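Student: I would like to learn how to read a model of this kind. Could we go through it feature by feature?

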Amino acid sequence: MGDELTRVLTEGLESRSTSAAGRGDGCVLVDLWDIESSFDCPDCGALRADALRRMNLTQRPVAVVDCDCQGPAA
Ligand SMILES: [Zn+2]
């Protein structure tokens, strides 16, 4: 996995995973290898990793964690 692919996965992982699960496009599996280090925010990093882990298990969209590090919540 090159640096560019890693960056793309990190930036788009959460939104793409959530939308895919929401559309019901079959099996959604997020590669959780080293996932915790992809979210380096001390406030929400663990929560985001856990949310993706739960989405893998349930195959259902999970609530996105609101945190200041992602900008103002909608
Ligand atoms: Zn955060």
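Student: Is Ala46 buried, partly exposed or exposed?

Tutor: A residue is buried if 20 or more other C-beta atoms lie within 10 Å of its own, exposed if 12 or fewer, and partly exposed in between, with C-beta atoms placed from the backbone. Ala46 has 13 C-beta neighbours inside 10 Å, so Ala46 counts as partly exposed. Ala46 lies in helix α3, and its C-alpha atom is separated by 9.3 Å from that of Ile35, 11 residues apart along the chain.

Student: What should I know about the model and its numbering before going on?

Tutor: This is a predicted model, in which local features need pLDDT of at least 70, side-chain atom pairs count only at pLDDT 80 or more, and totals for chains, interfaces and linings use all residues. Residues are numbered from 1 along each chain as its sequence is written.

Student: Where in the chain is confidence lowest, and where is it highest?

Tutor: pLDDT is the predictor's confidence in each residue, from 0 to 100. The mean pLDDT of the chain is 71, and 51% of its residues reach 70 or more. Confidence is lowest in helix α1 (residues 3-23), with a mean of 57, and highest in helix α3 (residues 45-58), with 88.

Student: How many helices and strands does the chain have?

Tutor: Helices (H or I, at least four residues) and strands (E, at least two) are DSSP runs, numbered from the N terminus. Here there are three helices and zero strands, in the order α-α-α from the N terminus on.

Student: What do burial and contacts say about the whole chain?

Tutor: Of its 74 residues, 14% count as buried. For contacts, the rule is that the C-beta atoms of two residues, placed from the backbone, lie within 7 Å. Among contacts in the chain with a separation of 6 or more, 50% are between residues 24 or more positions apart.

Student: Which residues of α3 are buried, and how do they sit around the helix axis?

Tutor: An α-helix has 3.6 residues a turn, so residues three or four places apart point the same way. In α3 the buried residues are Arg48, Ala51, Leu52 and Met55. Seen down the axis of α3, they fall within an arc of 95 degrees (taken from the directions from the helix axis to the C-beta atoms), so they line one face of the helix. The face turned away from this buried side carries the exposed residues Arg54, Leu57 and Thr58.

Student: How does the span of α3 compare with the expected value?

Tutor: The expected span of a helix is 1.5 Å times one less than its number of residues. α3 has 14 residues and reaches 20 Å from its first C-alpha to its last, close to the 20 Å expected.

Student: What is the phi of Gln59?

Tutor: Gln59, in the segment after α3, has a phi near 60 degrees, a positive value in a residue other than glycine. Gln59 is exposed because 12 other C-beta atoms lie within 10 Å.

Student: Which residues does Cys44 touch, leaving out those up to four places away in sequence?

Tutor: They are Phe39, Val65, Cys67 and Cys69. Cys44 lies in the loop between α2 (35-38) and α3 and counts as partly exposed, with 17 C-beta neighbours inside 10 Å. Cys44 and Cys69 are 25 residues apart in sequence, and their C-alpha atoms are 8.4 Å apart in space.
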